[in-house]
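The following account leads through selected features of one protein chain. It takes up the disulfides, the annotated positions and the aromatic rings in turn.

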Amino acid sequence: MKATTAITAFLGFMVCGLINSMAYAEQWGEANAGNIKHILLYATNPGPEADVGARIVALRSLALYKHYSGGLRALKRSVASLASAGGGLYGVIHVGSGTQKATSFRVNCDTGSDALWLPAASCASCAANSTRFDPAASPSFAYAPNPSSSSSSLLMSFQSIYYGTGSVQGILATDTVLWAGLTSPKQSFLLVTSQDAVMAAQMANVGDGIMGLAFAAGLDPAQSGSILSGLAASNAFPAAFFSLWINKTIITASSGFSAYSGGLIILGGIDTSLYSGNFSFFPLAPSIVTASDGIIEKSVQYYWSLAAYRISIPISTGKANTATIIPAPKGTTAIIDLGTTLMILDAVSLNSIVNSLQQFATFEFDSQNQLYFVSCKASLPDISFSFDGTSDSFHVGPGSYLLTDGQNCALGIQAVNSAIPQWIFGQVFLQNYYTVFDFENKQVGFAIAVSGNSVDSDDVAT
C-alpha cells in the first residue's frame, strides 16, 4: 500500500515533529532547563468563547481517591473554546494593551509544555501568515531583565526553545494576557525574533504560537512561566485544576482528512453533560527528562504523567475474557499530552500491538512515514490501557486509533527510539475521555467523554 494519499501527506508533516522529540529540550530559564518538548500541529480560527451555563461545576474535593462519584458545587469558572484543523487544537488569547490589545493570537494549547511564545513584528524568518506582536503598540510591554548579567549591554534575557524538528529564539518579556475572560497582568512569554526554516514551514499551517499548560512546578510563578501560574499569581485562576473535552463531531478538511471539530478547556470547573459514569483518578508519576546535550537527568514532576501499567487486546478466538497482555517496560510513564496528535510508544510495545492486531487484519508498514496501514473495512478490536497497577482499563476503539482520509487508514500509534521509558498519550487517546488536570492534588482523572454528536449545539460552545 503506497503512502501517496492525503492522509500520508498530512501525517508525513505531523510525524516529523514527534519522531525525535525526546532528544530535545526547552531552554526556559534554569528552573525548567532540560524539559522535553513536543511540536504542535495545525490550526485555524476558533469559534467565539461562550458561557455554557450552570452545567459547569467544580469538584468539591480532588483528594487522591481512584473513583470520583459525586460531591459537586457551583463555582466561578472560565471556559475557553478550542478549534481544530487536521489534528491540532488551539484557542485565542489577547496580549498587551493600547492598540495591540485588539489583536488576537491563535495559540496551540499544549499540556506537554509550559512556555508561551508569540512571533515578534520584527521576525523576518517567522511564518509569513502568522499574526505578529508589536511591542511598540503595547504600553504595558516590558522586556524581562537578564538575572545572570550585570552588563548594561545584556539587560535582556535571550532564550531558545528546541523542538523535535525546528526551533525558535527570542527575548523573554512580560505583558498582560487575556484568555477565557481571565487576565494575567505581567505574564511571561517569549517574544520570538527568529525561527529556523523547519519551524517556519510548520507554523505556516499551525497558527501563531504555543501556550503550554504542563504541570511544570505546579502553579509556582517562581518556577514556571506558564499562563496558568500567571493567572494563579494574580488570583485569577478560579480553582487549581482545569478540565478538557474534545468534540468528536467529525469534520472533513479540503484535503479529505477527517478530524474532530474542537472542544473546551474549562478553568476551575467541569461540565457534567460532557461525560458519563465516574472519574478514575491517578497520581502523577515523575518523568525522566534529558538536557539539550542529551544527558539524562533525574526524574522531575514536569509533565502530567502517570505510571503506565499495561496494554490489553482481545484474542480473536472468541473466548470470553481472553486477551493479549502487553506490560509496560519497567519505569514507563505515560505523558498526557494535548499537544501531540498520535499516541507514542516504545518500539517493542508497538510491535506487540501490531502483532496482536494482525489476527484481525493485515497491517503494512510504510518505512518512509513510519506508519502502519490497514484496510478501512477491517473489523478491529478496542485497545485497552491501564495505569498505576490498577485493573481500570481505558478503551480506545478503531474509530479513534485509525486515522483516515476517507480512502486509506493508518494506525494512529507510532514508536519513537529513546532511552527514556516514556509513552505519550495524545489526542488519539484524549478524544475518548473527559480529562481533569488537578494541580492541588497532583493527579489526572478520566471519565468517558460524551460525543459532540449527541450534545445539543445550543448548550455547548464549539
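Does Cys-376 count as buried, partly exposed or exposed? At 35% relative accessibility, Cys-376 counts as partly exposed, where buried means under 20% relative accessible area, exposed over 50%, and partly exposed in between (1.4 Å probe, protein chains only). The model is predicted, so local features need pLDDT of at least 70 and side-chain atom pairs count only at pLDDT 80 or more, while totals for chains, interfaces and linings use all residues. Residues are numbered from 1 along each chain as its sequence is written, and side-chain values use heavy atoms, with hydrogens and water left out.

Cys-376 belongs to a disulfide with Cys-409, the S to S distance being 2.1 Å; a disulfide is a pair of cysteine sulfur atoms within 2.5 Å. The torsion about the S-S bond of Cys-376 and Cys-409 is about 115°, so this disulfide is right-handed. The pair links distant parts of the chain, 33 residues apart: Cys-376 is in the loop between β25 (371–374) and β26 (383–387), and Cys-409 is in strand β29 (residues 409–411). Strands (E, at least two residues) and helices (H or I, at least four) are DSSP runs, numbered from the N terminus. Cys-409 has a relative accessible area of 6% and is therefore buried.

The structure holds 2 disulfides. Cys-123 and Cys-126 form a disulfide with their sulfur atoms 2.0 Å apart, and both of these cysteines are buried. Because the torsion about the S-S bond of Cys-123 and Cys-126 is about 85°, that disulfide is right-handed. With the bonded cysteines of the chain numbered in sequence order, the pairing reads 1-2, 3-4.

The annotated positions come next. Under "active site", an unreviewed UniProt entry lists Asp-110 and Asp-337; UniProt positions are given in the numbering used here, feature names are shortened, and annotations may be inferred rather than shown by experiment. Although spread over 228 residues of sequence, the two positions cluster in space, with a largest C-alpha distance of 6.7 Å. Asp-110 is found in strand β7 (residues 104–110), whereas Asp-337 lies in the loop between β22 (333–336) and β23 (343–345). Asp-110 counts as buried at 1% relative accessibility, and Asp-337 counts as buried at 0%.

The side chain of Asp-110 makes a polar contact with the side chain of Ser-113 at 2.6 Å and reaches the backbone nitrogen of Gly-339 at 3.4 Å. A polar contact is a pair of N or O atoms within 3.5 Å; within protein, one must be able to donate a hydrogen and the other to accept it, and residues adjacent in sequence count only if both atoms are side-chain atoms.

Aromatic rings complete the picture. Rings of Phe, Tyr and Trp (its six-membered ring) pair if their centres lie within 6.5 Å; planes under 30 degrees apart count as stacked, over 60 as edge-to-face and the rest as tilted. By this rule the count comes to 35 aromatic pairs. The rings of Trp-304 and Phe-437 have their centres 5.3 Å apart and their planes at 70°, so they are edge-to-face. This pair links distant parts of the chain, 133 residues apart, with Trp-304 in the loop between β19 (296–300) and β20 (305–314) and Phe-437 in strand β32 (residues 433–438). Both Trp-304 and Phe-437 are buried.
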